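This report describes selected local features of one protein model with its ligands. Please consult the sequence and structure shown next while reading.

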Amino acid sequence: MFGGQPPLWKFMDSIRSEGLQQGEEALSCPEEGLPRPSDSSELVQDCLQQFKVTVAQLQQIQASLLGSMEQALRGQASPVPAVRMLPTYVGSTPHGTEQGDFVVLELGATGASLRVLWVTLTGIEGHRVEPRSQEFVIPQDVMLGTGQQLFDFAAHCLSEFLDAQPVSKQGLQLGFSFSFPCHQTGLDRSTLISWTKGFRCSGVEGQDVVQLLRDAIQRQGAYNIDVVAVVNDTVGTMMGCELGARPCEVGLVVDTGTNVCYMEEARDVAVLDEDRGRVCVSVEWGSFSDDGALGPVLTTFDHTLDHESLNPGAQRFEKMIGGLYLGELVRLVLAHLTRRGVLFRGCPSPALLSQGSVLLEHVAEMEDPSAGAARVHAILQDLGLSPEASDVELVQRVCAAVCTRAAQLCAAALAAVLSRLQHSREQQTLQVAVATGGRVCERHPRFCSILQGTVMLLAPECDVSFIPSADGGGRGVAMVTAVAARLAAHRRLLEETLAPFRLNHDQLAAVQAQMREAMAKGLRGEASSLRMLPTYVRATPDGSERGDFLALDLGGTNFRVLLVRVTTCVQITSQIYSIPESVAQGSGQQLFDHIVDCIVDFQQKQGLSGQSLPLGFTFSFPCKQLGLDQGILLNWTKGFNASDCEGQDVVSLLREAITRRQAVELNVVAIVNDTVGTMMSCGYEDPRCEIGLIVGTGTNACYMEELRNVAGVPGDSGHMCINMEWGAFGDDGSLDTLSTCFDASVDQASINPGKQRFEKMISGMYLGEIVRHILLHLTSLGVLFRGQQTQRLQTRDIFKTKFLSEIESDSLALRQVRAILEDLGLPLTSDDTLMVLEVCQAVSQRAAQLCGAGVAAVAEKIRENRGLEELAVSVGVDGTLYKLHPHFSSLVAATVRELAPRCAVTFLQSEDGSGKGAALVTAVACRLAQSTRV
Ligand code: G6P
Ligand code: BGC
Ligand code: BGC
């Protein structure tokens with residue numbers, strides 16, 4: 001019933017050959033000296049008592065195993081952890097959408113047999129196709145022979161099985177279920193650590209078993225088979241579990257041997273060096289042998305069994321639970337009781353004294369209450385014994401004692417795993433399904449019920465359902481194989497999609513060079529996508545400026561009115577006002593009236609009414625300046641679109657609004673771009689700050705250029721700050737080779753198609769939209785969200801750029817990332833979460849690198865202007881994306897180092913916004929005006 005009996009016992013053969021001699025002594029039936037009935041019941045009592053385990057002992061085992069598991073997860077080497085905790089590279093539980101035909105080869109789960117299956121996955125829930133399978137008995141000489149013999153045998157069985165199937169010889173995908181402790185280094189790479197359960201083929205330990213199988217299949221030469229995945233039987237059991245209401249995240253096997261696997265947080269598995277997602281870990285609890293915990297429950301029979309096994313001292317826990325050992329434990333107890341005259345009137349049989357003669361199937365049958373005394377009698381007779389009625393009853397009690405203990409120990413270990421899960425998930429009540437497999441679980445009459453009852457007792461806070469695996473885990477292995485094949489295909493598609501976002505050095509250097517060319521042309525007044533606008537700011541502050549100034553700051557996330565007091569230091573009082581979209585996109589008059597209303601409100605609140613302070617206006621849009629206080633709006637950007645403003649002098653529009661609102665008097669001294677405001681603000685602290693950079697809603701840069709290079713502004717000496725308006729870089733088509741179809745979609749849907757192409761690849765207003773378009777594409781390919789398009793994802797601007805910053809934050813656990821995405825109504829799996837993260841990373845990395853290429857072009861320009869070998873320069877930076885994104889700033893800096901190695905560029909973040917800079921520009925202007933008046 002359970003296949004061939006393996007050559008499990010090292011002395012078995014010798015006992016069989018020398019059986020007579022050994023047996024002779026033991027076989028002599030003592031006529032005299034049998035114990036009296038009262039003695040015998042004491043003897044029985046003593047013997048069975050040894051198999052009793054108290055709840056306290058079970059709890060101690062549970063705690064001790066949990067400790068060993070956590071120690072092994074942390075990668076702690078000393079003391080050597082009692083369990084291995086081997087990562088399996090299975091990172092997700094099945095979708096239910098897996099489909100295809102797979103060959104499965106199972107080795108090591110079921111005694112001395114090997115199974116080949118043909119599994120068809122339909123991809124439709126509830127629709128199952130029964131697998132076809134064939135079992136092959138592994139000859140004893142193969143089990144103890146060379147590795148090559150074993151794998152050649154496996155390849156031979158594969159061919160024999162496939163010959164009988166109506167299948168093609170090409171392109172078959174195989175999942176290899178190999179149920180021994182292995183170090184996996186990938187889904188298809190697995191090194192055997194040590195044999196267990198009666199296998200001992202030479203030359204396999206320390207080798208990659210997938211490679212050994214591939215070599216053997218190749219030697220066989222009959223079929224072209226791709227070994228896609230290798231799994232432990234526990235993993236196959238977990239993965240084959242029917243999709244139910246709760247996730248099946250534990251796989252338990254009690255067969256010839258025993259083991260468990262479960263889904264662990266990858267960040268807690270030290271050897272993986274991975275901080276995201278989950279990974280299935282094979283506990284390999286068979287090797288658990290903590291002396292402190294197991295010592296009190298080990299019986300003299302356990303010691304004898306271990307001593308006589310193929311691997312003394314190893315797999316001590318397995319030897320109390322695994323099906324390979326239960327029969328032997330029963331035999332040792334029966335032989336002992338017989339020797340003491342309590343059973344079979346003291347007469348053993350040669351079989352009773354031979355290792356391995358009592359099989360798991362015997363124990364299961366004899367313990368089964370429905371089997372009846374006659375069946376037990378028959379089994380004992382087959383073992384050459386002459387049982388009486390009392391013998392039958394006692395043998396049943398022995399079987400029950402051995403199996404009950406096995407189920408209880410197994411439960412204590414499972415409770416440890418559940419505690420671990422509960423702890424790592426930080427859940428009060430853990431709801432989980434455990435898939436169970438193996439012949440002890442499946443066919444032993446009471447094992448599962450004792451197991452379940454004891455688990456409830458030991459882990460009352462866990463709500464566990466047990467789901468028996470339908471077909472010995474073969475389906476699960478096919479699932480892993482399908483998942484492995486699907487993941488590989490999805491990864492290829494993801495990589496293909498993201499490849500255009502991954503810019504190499506040459507591409508970035510080309511962007512830098514194009515930028516330099518466009519700068520030069522713009523400065524000369526030739527056609528260029530870079531306007532290179534003179535700002536009439538000629539000097540950074542020198543510290544002698546004094547006075548109170550008003551400042552306005554329009555064009556970023558917030559509209560602000562500020563009072564800036566410049567003494568020996570700068571003091572700022574400010575208030576944020578909202579600009580409703582209807583105003584930003586209404587009429588110019590409305591917009592400027594609204595601005596003046598805000599100023600009046602601010603003045604009233606600050607007690608400034610009636611005072612005519614000098615005012616600096618940060619206006620963060622492209623303006624052609626004809627002087628410090630004159631700026632003609634060239635075009636709106638960033639979602640502003642108020643009518644009748646383009647082509648107008650913004651300062652005049654503001655003054656007209658002031659006049660309309662007769663109650664105020666304002667003295668508008670300067671109009672300043674936010675890049676300039678930022679540069680000036682940082683320049684107040686650091687005189688080397690000669691570049692201003694904004695990466696926020698929009699993006700732009702300014703820098704101090706030699707006046708002689710600036711066409712259209714008189715004068716040959718000194719400097720002038722140039723507002724590059726680099727957001728428009730590439731509007732002449734020069735960036736088209738880098739632009740992806742996603743950039744095109746974002747551009748097309750914007751209010752200014754064809755405009756601000758560089759900005760649309762970099763700034764906060766657009767990155768979320770780029771990500772959204774990529775996600776839509778990956779969903780249409782079936783790579784994400786199981787191919788289901790959601791209404792939410794179709795909604796424009798649903799994916800805010802701040803999500804990129806949040807999602808990419810190192811301090812967030814993946815589950816928090818998932819929560820952000822779930823808030824968007826996206827139906828996520830953990831693979832999806834990782835992929836979305838990768839998409840965000842690719843998009844923001846490209847943005848930062850493009851920005852870095854721009855800064856490198858500017859720094860190099862300044863260095864060359866000044867004929868310097870090396871330049872040390874600072875960049876004043878502002879903008880929500882730059883400031884909030886966890887990696888943006890360091891990526892920009894790294895790119896600048898790479899592309900402008902002769903420039904030492906320091907980045908200074910502006911803390912006070914560019915309003916302070918606008919006030920400083922105003923202060924400088926007032927100082928200069930005063931000094932000319934004097
Ligand atoms: C600074 C300025 C704003 C500017 C902003 C850019 O703080 O004061 O005028 O536009 O940075 O950042 P944002 O992310 O708000 O667009
Ligand atoms: C092996 C495990 C396996 C278990 C159940 C143990 O001997 O070491 O890898 O999962 O048996 O088959
Ligand atoms: C504007 C620039 C501004 C930048 C950053 C762009 O859209 O055209 O003038 O500096 O955004 O706010």
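In which loop does Met-85 lie? Met-85 lies in the loop between helix H3 (55-73) and strand S1 (86-87).

## Basis of the description

This is a predicted model, in which local features need pLDDT of at least 70 and side-chain atom pairs count only at pLDDT 80 or more, whereas totals for chains, interfaces and linings use all residues. Residues are numbered from 1 along each chain as its sequence is written, chains are lettered from A and ligands numbered from 1 in the order in which they are written, and side-chain values use heavy atoms, with hydrogens and water left out.

Helices (H or I, at least four residues) and strands (E, at least two) are DSSP runs, numbered from the N terminus.

Met-85 is not a glycine, yet it has a positive phi of about 55°. Its relative accessible area is 4%, and Met-85 is buried (under 20% relative accessible area with a 1.4 Å probe, counting protein chains only; exposed means over 50% and partly exposed in between).

Gln-756, also not a glycine, has a positive phi of about 55°. This residue belongs to the loop between helix H23 (741-749) and helix H24 (757-762). Gln-756 counts as buried, at 4% relative accessibility.

Oxygen atoms of ligand 1 have polar side-chain atoms beside them: one of Thr-557 at 2.6 Å and one of Asp-878 at 2.9 Å. From Ser-914, a backbone N or O atom lies 2.9 Å from an oxygen atom of ligand 1. Taken alone, ligand 1 exposes 380 Å², of which the protein buries 93% (areas by the Shrake-Rupley method with a 1.4 Å probe; for residues, only the protein chains shown count as cover).

## Surroundings of ligand 2

Ligand 2 is surrounded by 14 residues, the closest being Thr-196, Asn-232, Asp-233, Glu-284 and Glu-318. Three nonpolar, seven polar and four charged residues make up this shell.

A side-chain N or O atom of Thr-196 is 2.9 Å from an oxygen atom of ligand 2. Lys-197 places a polar side-chain atom 2.9 Å from an oxygen atom of the ligand, and for Glu-318 the corresponding value is 2.6 Å. Ligand 2 taken alone exposes 310 Å², and the protein buries 100% of that.

The whole structure contains 23 aromatic pairs (rings of Phe, Tyr and Trp, the last by its six-membered ring, with centres within 6.5 Å; planes under 30 degrees apart are stacked, over 60 edge-to-face and the rest tilted). One of them joins Phe-151 and Phe-176 edge-to-face, at 6.5 Å centre to centre and 80° between the planes. Because Phe-151 lies in helix H5 (residues 147-163) and Phe-176 in strand S5 (residues 172-178), the pair ties together parts that are 25 residues apart in sequence.

Both Phe-151 and Phe-176 are buried.

Methods:
A polar contact is a pair of N or O atoms within 3.5 Å; within protein, one must be able to donate a hydrogen and the other to accept it, and residues adjacent in sequence count only if both atoms are side-chain atoms. A residue is near a molecule or strand if one of its heavy atoms lies within 4 Å of it. Ala, Val, Leu, Ile, Met, Phe, Trp, Tyr, Cys and Pro count as nonpolar, Asp, Glu, Lys and Arg as charged, and the others, Gly among them, as polar.
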